[in-house]
Amino acid sequence: MTLHENTKSIVPSDNSAVIEQTAANDTNGHKDTNDHKDTDVTVSDNGINLATIFEPYFRPDENTIVCGALDDEKVVALAAAGVELVLNLQPDDELSFDERAAVERAGMHYEQLPISGTQDLKQLKILAFDNILRQYHGKKTAMHCGSGNRVGAAMALRAGWLRGRKMDTAMERGRSHGLTKLAEEVRNRLLVPR
């Protein structure tokens, strides 16, 4: 069984309607405006509707996927969807399997930058986060932690501290990448000049 065939087996059968609709839209050049976002994501993900596989799931742009913790099946789905890099912000003690081995076996690059909690939301960690993203710029990337919250925090701090974005812009960048419970902590850290 190929990697793509294996992934199809874990995708719920109701995706066939989305894939068929996508094919119909491609044929006649018309897209139903109600399905615009889901259709675009399906097309760019090799026919796989990742929103049905991942919870939580954030899609801030076409090349960026933010999700919660992975398992073997989710790694296979990401590879089949064309992901080139998996960036894991979970420390080893939060992982339930050998994620690096699974990701590399699936043919993707793997980077791990553990952020255990607020104590790790420091400028040096955000600089390391930025270095990884710059190294793989333009690659289709899946970033994850347990819920996406730490990814969102790192993105907001990167936008504010390293990109000089205003508070509202940095916070919105974080929210689009999964920032929720750490929002107040991130806001407080952004208030401190770096």
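These are my notebook entries on one predicted protein model.

**Entry 1: ground rules**

I keep in mind that this is a predicted model, where local features need pLDDT of at least 70, side-chain atom pairs count only at pLDDT 80 or more, and totals for chains, interfaces and linings use all residues. Residues are numbered from 1 along each chain as its sequence is written, and side-chain values use heavy atoms, with hydrogens and water left out.

**Entry 2: the whole chain**

I looked up the elements and found 9 helices and 5 strands. Helices here are DSSP runs of H or I with at least four residues, strands are runs of E with at least two, and both are numbered from the N terminus. Reading from that end, I get the order α-α-α-β-β-α-β-α-β-α-β-α-α-α.

Next I checked burial: 45% of the 194 residues are buried. Buried means under 20% relative accessible area, exposed means over 50%, and partly exposed lies in between (1.4 Å probe, protein chains only).

I also looked at contacts, meaning heavy atoms within 4.5 Å. Of the contacts with a separation of 6 or more, 67% are between residues 24 or more positions apart.

**Entry 3: the sheet**

In what order do the strands lie in the sheet? I read 1-2-5-3-4 for this open sheet of 5 strands, with mixed pairing. Two strands pair if DSSP finds at least two bridges between them. Strand 1 and strand 4 are the edge strands, each pairing on one side only. From one strand to the next, the twist averages 20°. Angles like this run from 0 to 180 degrees between N-to-C directions, and axes are lines fitted to C-alpha atoms, for helices over the stretch in contact.

Asp61 stands opposite Thr64, and Phe58 has Val66 as its bridge partner.

Then I moved to strand 3 (residues 85-88), where Leu85 and Leu87 point one way, Val86 and Asn88 point the other way, and all are buried. Strand 3 runs parallel to strand 4 (residues 109-112), joined by 4 bridges. Asn88 stands opposite Gln112 of strand 4. To get from strand 3 to strand 4, the chain passes through helix 5 (residues 99-105) in a right-handed β-α-β crossover. Right-handed means that, with the strands pointing away from the viewer, the path from the first strand over the helix to the second runs clockwise. Strand 3 is also joined by 4 bridges to strand 5 (residues 141-144), again in parallel. There, Val86 stands opposite Ala142.

**Entry 4: helix 6 and helix 7**

How do the axes of helix 6 (residues 123-135) and helix 7 (residues 149-162) cross? I found that they come within 10 Å and cross at roughly 95°. That makes the two helices roughly perpendicular, the class for 65 to 115 degrees (under 35 is roughly parallel, over 145 roughly antiparallel, the rest oblique).

Helix 6 brings Gln123, Ile126, Leu127, Phe129, Asp130, Leu133 and Arg134 to the contact, while helix 7 brings Ala154, Met155, Leu157, Arg158, Trp161 and Leu162. By class, I read 9 nonpolar, 1 polar and 3 charged residues. Nonpolar covers Ala, Val, Leu, Ile, Met, Phe, Trp, Tyr, Cys and Pro; charged covers Asp, Glu, Lys and Arg; the others, Gly among them, are polar.

Leaving out residues up to four places away in sequence, Asp130 touches Arg158, Leu162 and Arg163.

**Entry 5: a loop worth a look**

I stopped at the loop between helix 3 (36-44) and strand 1, the place of Pro56. A cis peptide bond joins Glu55 and Pro56, with omega about 0°. Asn46 is found in that loop too, and its phi is positive, near 55°. Most residues other than glycine have a negative phi, and most peptide bonds are trans. Asn46 counts as partly exposed because its relative accessibility is 44%.

**Entry 6: helix 9**

Last, I found Ala183 in helix 9 (residues 183-191). Its relative accessibility is 22%, so Ala183 counts as partly exposed. The C-alpha atoms of Ala183 and Met171 are separated by 7.6 Å, and these residues are 12 apart along the chain.
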